[in-house]
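User: Hey, I'm new to this one. Can you walk me through what's in it?

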Amino acid sequence: TMSIERGDIVVDEGGCEGFYSKYALKKGASKVIIFEPYQELANGLKKSFQKEIEDGRVIVIEKALGKKICEKPFFVNPKMICASSLVIKDDNAAEKRVSVVSLDECLAELGISHVDIIKMDIEGGEVDAVLGGRKIIRNCHPKMIIATYHSYYNATKIRRICKKIDKEYRCKLYGCYQFVRPYRPYLTLMY
């Protein structure tokens, strides 16, 4: 049910190294919109996907996703850059300011009115990002692959929000994050 079909438009929220985006393109996605607020990672994505960017198949947006347009502190984890977050502050984190945008506002600005799949792994900011994408979620009913292990209640909150946006959504929880207690679902799939 979560497969990428040829021609799909995919949003990769938390692009990091670009593995999911590369996978989506390999599976036939016609366009991938990548959100990555950490400048060094965004620059790496722009180099990795230079040809696809030139071809109009990839857009890299160096912003975080949230409920609305604003600027927020972003906590850069020096030991694991991919764990940097708007929400989770590691003891050794360096603080930077980043631009935050809602998915709905950004897609409207880009002239994109349809999305087939949303992959979201933004280190605890998933609830606000879903709230900032209500319009596209309601209008398109995209399949969503959401990392929900960052907070114990994220899976429950995201399921409730998505069902409120579109009561037809079905939900599956996958995996078990066992590094902290209480254990929690690793992924929440909405389809």
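User: Is Cys171 buried, exposed or partly exposed?
Analyst: Cys171 is partly exposed, with a relative accessible area of 25%. Buried means under 20% relative accessible area, exposed over 50%, and partly exposed in between, using a 1.4 Å probe and protein chains only. Keep in mind that this is a predicted model, where local features need pLDDT of at least 70, side-chain atom pairs count only at pLDDT 80 or more, and totals for chains, interfaces and linings use all residues. Residues are numbered from 1 along each chain as its sequence is written, and side-chain values use heavy atoms, with hydrogens and water left out.

User: Switching topic: how do β1 and β2 pair?
Analyst: In the parallel sense, over five bridges. Strands pair if DSSP finds at least two bridges between them; strands (E, at least two residues) and helices (H or I, at least four) are DSSP runs, numbered from the N terminus. Lys31 in β2 is the bridge partner of Ile9. Between β1 and β2 the chain passes through helix α1 (residues 19–26), and this β-α-β crossover is right-handed. That means that, with the strands pointing away from the viewer, the path from the first strand over the helix to the second runs clockwise.

User: Which strand does β2 join through four bridges?
Analyst: Strand β3 (residues 58–61), and the two run parallel. Ile34 stands opposite Val60 there. β2 is also mostly covered, with four of its five residues buried.

User: What about the largest nonpolar core, which residues touch the most other members?
Analyst: Phe35, Leu103, Val115, Ile118, Val130, Ile137 and Met144, out of 30 residues in that core. A nonpolar core is a set of buried Ala, Val, Leu, Ile, Met, Phe, Trp, Tyr and Cys residues joined through side-chain atoms within 4.5 Å. Another core, of 18 residues, lies apart from it and has Ile4, Ala29, Ile34 and Val58 among its members.

User: Which residues is Leu103 in contact with?
Analyst: Leaving aside neighbours within four places in sequence, its contacts (heavy atoms within 4.5 Å) include Val11, Phe35, Leu65 and Ile118.
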